[in-house]
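Trainee: I would like to go through this model residue by residue. Can we start?

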Amino acid sequence: MCGIVGLFLKDKTLEPKLGEMLSDMLVTMTDRGPDSAGIAIYNSENTNKNKIVVQSDTPEEAFKDLDQSLAKSLAVEVTIDVKSTHAVLTADCAFEDIKAALATLDPTIRVMSRGENLEIYKEVGLPKNVAERFAIGAMSGTHGIGHTRMATESAVTTMGAHPFNTGMDQCLVHNGSLSNHNSLRRKLRREGVHIETENDTEVGAAYLTWQMQNGATLGEALESGLDALDGFFTFVVGTKDGFGVVRDPIACKPAVMAETDQYVAFGSEYRALVNLPGIETARVWEPEPATVYFWSHDDTSSATGKAA
């Protein structure tokens, strides 16, 4: 099962409502997967600093004075914004340096996302509870994706929830099942790719990361995945500037999209879209199989076919 939603805003006046609209869409998909949920929000802030969202099962202890400890270790100013079990760390230094310092200070702290604009929040529980826990409804931004999970091949855990971070300001959610994820996981680990869970979606995310590390664009990596990933799937991806969708060659899993002058929206079912403004006059369609769709803030017109 699982439920996916995505919202890419063309109209800047809607940006203060992004979190509210995306949360409403995701809650509507609750019965497609009630065991865990997550949302990725892209904000429009231009800090030119790396932002890392981390998670801890013991946040009061783990996040206490974490900014000061990191600042001392990295010799740069570090800010922290604690949100329940997650915290947003911002620092003017390389991600790998922050990650290494975190591993030394407290190896139980997990990295949820990294980038200048991306923030990922995910936990075990119903979408409504997860959204309220992190006050997603009050967040503004340019675009975002969300996922509610029904676990099939792996345990119900925070790290097994979606979205999965695939690189700086990039993330992915998935509906479906990959039949070759175990063999592909072994191959990627031999290539030095770090994979934390038994979740098949993380393998898909890791594959995209690996492809891009070897010179592929995101569009090329997604197209390569159509051959490398066996099974049935719908992927929705987020990047710093855009939002993309690709389905397997059979297009087994349900998917619907809507586009107006104000936004582009994705839902596993149409009912996830019914409360969006102007939906009654939107162009609504089902994405074609084995086709990469992508929208960018550099060019908000729809792009069907190969993504750049």
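Trainee: Is V274 buried, exposed or partly exposed?

Mentor: First, the ground rules. This is a predicted model, where local features need pLDDT of at least 70, side-chain atom pairs count only at pLDDT 80 or more, and totals for chains, interfaces and linings use all residues. Residues are numbered from 1 along each chain as its sequence is written, and side-chain values use heavy atoms, without hydrogens and water. Buried means under 20% relative accessible area, exposed over 50%, partly exposed in between (1.4 Å probe, protein chains only); at 39%, V274 is therefore partly exposed.

Trainee: Where does V274 lie?

Mentor: Strands are DSSP runs of E, at least two residues, and helices are runs of H or I, at least four, numbered from the N terminus. V274 sits in the loop between β14 (263–267) and β15 (283–285).

Trainee: Is S23 buried or exposed?

Mentor: S23 belongs to helix α1 (residues 18–28). Its relative accessibility is 8%, so S23 is buried.

Trainee: Which residues does S23 contact, leaving aside neighbours within four places in sequence?

Mentor: Contact means heavy atoms within 4.5 Å. With those neighbours set aside, the partners of S23 are I39, A131, I136 and G137.

Trainee: Which backbone oxygen does the side chain of S23 reach?

Mentor: The distance is 2.7 Å, and the oxygen belongs to G19.

Trainee: Within what arc do the buried residues of α8 fall?

Mentor: Helix α8 (residues 218–228) has L218, G219, A221, L222, G225 and L226 buried. They line one face of the helix, because seen down the axis they fall within an arc (of directions from the axis to the C-beta atoms) of 165°.

Notes:
Polar contact = N/O pair within 3.5 Å; in protein donor to acceptor, adjacent residues only side chain to side chain.
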